[in-house]
Amino acid sequence: MAYSGKSPWVIHYDGSSCNGCDIEVLATLCPGFDGERFGVVNTGNPKHADIFLVTGSVNEQNIDVVRQIYDQMVEPKVVVACGICACSGGIFHDCYNVIGGVDQAIPVDVYAPGCAVRPETLIDAIVAGVAVLDEKAEKLKSEKKGRA
Amino acid sequence: MDIQGFAIQGFVAVVIGIIAFAVLAPVVGCLLAGVDRVLSARMQGRVGPPLLQPYYDVRKLFEKEGVTVNGVQDAYVICALIFAIIAGGIFFSGGNLLMCVFVITLSSLFFIIAAYSSRSPYAELGAARETLQVMSYEPMVLLFSVAFYMATAALLPFGGWGTFDVSAVFALDAPVIVCIWPVFLGLMFILTIKLRKSPFDLSMSHHAHQEIVRGMTTEMSGSTLGLVEILHWCENVLFLGWIGLFFVWGGPVTLIVGVVAALAAYFLEILIDNNFARVKWQFMLKSAWAVALVAGGINLAVLAFL
């Protein structure tokens, strides 16, 4: 069985959000919602993280940063777009510098809409991400076996 | 039995101790880490993770893809783990306490070199801080082993000569804490550094959003990080064993007293971890040396001259 889903360590990056979603992401990890019940730990280090929580849209300034963090994460990994700006660009979608949602930069597995995204939605999104994480871990394991 | 016979017997005991420690310490250490996580959560008014969460974490880390900045880092981490297990085996088989102290220090040094080898600025900063931590606690740890020797000299029924052998506690009339309780308090102080608890978790904190990313383990991922976790479990069991050592005397039944004391010390450390913010390294170094000098120095002087 895969253990990835039992220990989803997250890393949080604030793209160009208004900070509303960031506050909600941190609130999710606070005692009131207690993400650690599901093994969620906020890591701050992409090399330790399994789930990448991105808030805010992707723009010319941060697209490289988002890609860099994603590349530094170790497989299996999952990306959750938190908030409507991260999903599609939100109210900033037609700004001159905004490229769009996070999926314009890196593959996104779970979309969690909301303005700002609610902690309940985030927990749901992380739990959905955990299922994807397990799937990817199983795939990685069978690939490893195939190679051996 | 001649001297050679004793030597062989001691060697066999240590080997058995190392094997037993390698099997049992990760299990006990994992449960202790789980208890730590649950208790910390309860202290913060949360439900917290399942008891076996540290086990799930490590299993997950071993499932991750193998990515490493250089292979030599993994070799150093493995060496650190091996020497920690040897130190634990020496201690729990009743071997030489001084040797145990030296071997566990060697393990710490390997871990520091592992962090330096990645050349990441964050890992290097963590490694530099870890070096300061070793500098801070090492005098007290050495005074602890010397004090143990002097306490056995005072308490052993056949009198006169002390011993560094941990197994000698079973021949004592009273636990060593009656002679060296100031040293015990000093060891409790530096135990916070050794267990990597706040306010002395300078080199690598378990909490995100700090200035050195993840300190020493910044460049360690996947199975390497899993080995680091197992290393900490083993270290924690050994350090709590040192605490328990103060409370064991007479016969094996008193081991229960030692275990209870060690668990109480662990609870106290979790309480401290949850109630104190991190300090600067200057304070850590000064206070740890002051405690070593006062608690250890005075205690040794009293034992030597009175």
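In what order do the elements of chain A run from the N terminus on? The order is β-α-β-β-β-α-β-α-β-β-α.

## Model and conventions

This is a predicted model: local features need pLDDT of at least 70, side-chain atom pairs count only at pLDDT 80 or more, and totals for chains, interfaces and linings use all residues. Residues are numbered from 1 along each chain as its sequence is written, while chains are lettered from A and ligands numbered from 1 in the order in which they are written.

## Elements of chain A

Chain A has 4 helices and 7 strands. Both are DSSP runs numbered from the N terminus: helices are H or I with at least four residues, strands E with at least two.

## Strand 3

Strand 3 (residues 51-55) is largely enclosed by the rest of the structure, because 5 of its 5 residues are buried. Buried means 20 or more other C-beta atoms within 10 Å of the residue's own, with C-beta atoms placed from the backbone. Ile51(A), Leu53(A) and Thr55(A) cover one side. Phe52(A) and Val54(A) cover the other. In a regular strand, side chains alternate between the two faces of the sheet.

Strand 3 pairs with two strands of chain A (pairing takes at least two DSSP bridges). Strand 1 (residues 9-14) runs parallel to it over 5 bridges. Val10(A) stands opposite Ile51(A) there. Strand 5 (residues 78-82) is also parallel, with 5 bridges. Here Val54(A) faces Ala81(A).

## Interface with chain B

In chain A, 21 residues contact 25 residues of chain B. Contact means C-beta atoms, placed from the backbone, within 7 Å. Helix 4 (residues 119-147) gives the most to chain A's side, with 3 residues.

Technical notes:
Two residues are in contact if their C-beta atoms, placed from the backbone, lie within 7 Å. A residue is buried if 20 or more other C-beta atoms lie within 10 Å of its own, exposed if 12 or fewer, and partly exposed in between; C-beta atoms are placed from the backbone.
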